[in-house]
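I opened this model to look up its strands and its aromatic pairs. My entries follow in the order I checked things.

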Amino acid sequence: MSYTFEFQDGPMGVQIGHDCNIEEIDKNEQAFKCKDLEVNDIVVQVNGTAIPEPKTIDQLRELIATAGRPMTLTFEKPIEEDVAALVKKVFELPEKQDEK
């Protein structure tokens, strides 16, 4: 699942790891207002420009430095979470109806 968030001037309010994953979200900053954003989510685009594989913090910094503000980042959930959600959906059993 991917989603976007638009950052305005000022601190973004996130700490980003070497693989472009979110390591920390600062309360009371812009990123905290993004309801979908969670630790371990991955930045995949800056203003619609994809970060090439393998994603690195240096590539992301370069895109952010030239993006200006407002700036839209696109995030994706880690694959493990997508797989876990799919497994749960596939194997979720329907609730039993009371037999009368």
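**Notebook: sheet and rings**

I counted two helices and six strands in the protein chain. Helices (H or I, at least four residues) and strands (E, at least two) are DSSP runs, numbered from the N terminus. Along the sequence I read the pattern β-β-β-β-β-α-β-α.

I note that this is a predicted model: local features need pLDDT of at least 70, side-chain atom pairs count only at pLDDT 80 or more, and totals for chains, interfaces and linings use all residues. Residues are numbered from 1 along each chain as its sequence is written, and side-chain values use heavy atoms, with hydrogens and water left out.

**Sheet**

I looked up the strand order next. Four strands form an open sheet, E1-E6-E4-E5, with antiparallel pairing. E1 and strand E5 (49–50) are at the edges with a single partner strand each, so one side of each has no neighbour in the sheet. Two strands pair if DSSP finds at least two bridges between them. Between E1 and strand E6 (residues 71–76) I found six bridges, and the two run antiparallel. Tyrosine 3 has phenylalanine 75 as its bridge partner in E6.

Helix H1 (residues 57–67) lies across strand E4 (42–46), E5 and E6. H1 runs at about 40° to E4. For such angles, axes are lines fitted to C-alpha atoms, for helices over the stretch in contact (heavy atoms within 4.5 Å). Angles run from 0 to 180 degrees between N-to-C directions.

**Faces of E1**

Which residues of strand E1 (residues 2–7) are on the covered face? I found Tyr3, Phe5 and Phe7 there, with Ser2, Thr4 and Glu6 on the uncovered one.

**Rings**

How many aromatic pairs does a search of the whole structure find? I got two. Rings of Phe, Tyr and Trp (its six-membered ring) pair if their centres lie within 6.5 Å; planes under 30 degrees apart are stacked, over 60 edge-to-face, the rest tilted.

The ring centres of tyrosine 3 and phenylalanine 75 are 5.4 Å apart with planes at 20°, so this pair is stacked. The pair links distant parts of the chain, 72 residues apart. Both tyrosine 3 and phenylalanine 75 are buried (under 20% relative accessible area; exposed is over 50%, partly exposed in between; 1.4 Å probe, protein chains only).

For phenylalanine 5 and phenylalanine 7, the centres are 4.9 Å apart and the planes at 75°, so I logged the pair as edge-to-face. Phenylalanine 5 counts as buried because its relative accessibility is 18%. Phenylalanine 7 is buried at 0%.
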